Amino acid sequence: MARVMAAATAPVVELVNFHKALRGELDALWSDIQRSLPAPAASPTRTAATGTSSSSVREGLAPEQDADADADAALAALCRRYAFLHSAYQCHSASEDEVVFPMLEQHVHNVGHSYTHEHEVEERLFQELQQQLCSLRDREAGARHPESLRGLLATAEAVRDTLLRHLCKEEQQLFPLIEKHLSLDSQRELLWKFFSSIPLTLLEQILPWMLASLQPPEQQEMLRHLQEAVPAQDLYNTLTAIIARHGGNSGGEAGAPAPAPAALPQWV
């Protein structure tokens, strides 16, 4: 989505960049779930001697075991991607509720109420998606009916569409208000409070993930905004060390595996 602020270099643009990373993760989750739907059965290559599929012979597995192992691995990867997306989303919504809206409401009254309500709706959808993933994970691979997978896809579609509308609304209505009413210094303060409200163990994943979704000029701009926003040079050095340690200073590929949260939820 095109940036809607008048000054593309304003610090608030990093909130748009957070949205950009969220969109990429939503698209990747959607694609992963679509790939998890069972494909029409294909005729495997059979060996002349045994009549078993060649892939199963190579791995020493019966065809059903082979397929079940693939399905289990795909579902585990899907759960990890969901867990990271949910964690990143919760950082986004909590930071807005606790930092962005209170700062802006010093200038514009009641601006955050509708957005906070939308956050609550979105969180319920995320929880519904998590419950469906847990239900699928707890079943044997052969008992995961296509209807259940299609239900998962429908809930994922509701999460994606609802969150995309929310992000678009913020970019068209909320962020221009931030740029209009907050000075550059106040925007830098907001940016620092936004990121410092994220637990450090998760911030170590969020910053490289954000940078990986950006083009090199946007990466440099983000690092400059962080340097201007962080109140002490030693703190900025800590952030850049985190980024370098996780290899987040180079562009990532769309749909690449999501970084695993530092502490995975117990259900994953």
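Let me start with the lining of the largest cavity, which in this predicted model is made up of Leu26, Leu29, Trp30, Ile33, Leu129, Ala156, Val159 and Arg160. Two elements give two or more residues each to that lining, namely α1, spanning 13–36, and α5, spanning 146–181, and of the elements it is α1 that gives the most, with 4 residues. If you sort the lining by class, you find 7 nonpolar residues, no polar ones and 1 charged residue. The space inside the largest cavity comes to about 40 Å³, and a search of the whole structure finds 2 cavities of 30 Å³ or more.

That brings me to the second largest cavity, which holds about 30 Å³ of space and is lined by Pro11, Val12, Leu15, Ile178, Gln187, Leu190 and Leu191. Here the element that gives the most is helix α6, residues 184–196, with 3 residues, and by class the lining has 6 nonpolar residues, 1 polar residue and no charged ones.

If we take the contacts with a separation of 6 or more, 79% of them are accounted for by residues 24 or more positions apart.

Methods: Residues are numbered from 1 along each chain as its sequence is written. This is a predicted model: local features need pLDDT of at least 70, side-chain atom pairs count only at pLDDT 80 or more; totals for chains, interfaces and linings use all residues. Side-chain values use heavy atoms; hydrogens and water are left out. Contact means heavy atoms within 4.5 Å. On a 1 Å grid over the protein atoms alone, a cavity is a set of points where a 1.4 Å probe fits but cannot get out, and a pocket is an open set with protein on both sides within 12 Å along at least five of seven lines; lining residues have an atom within 4 Å of a point. Grid points are joined across faces, edges and corners, and a volume is the space filled by probe spheres set on the points. Ala, Val, Leu, Ile, Met, Phe, Trp, Tyr, Cys and Pro count as nonpolar, Asp, Glu, Lys and Arg as charged, and the others, Gly among them, as polar.
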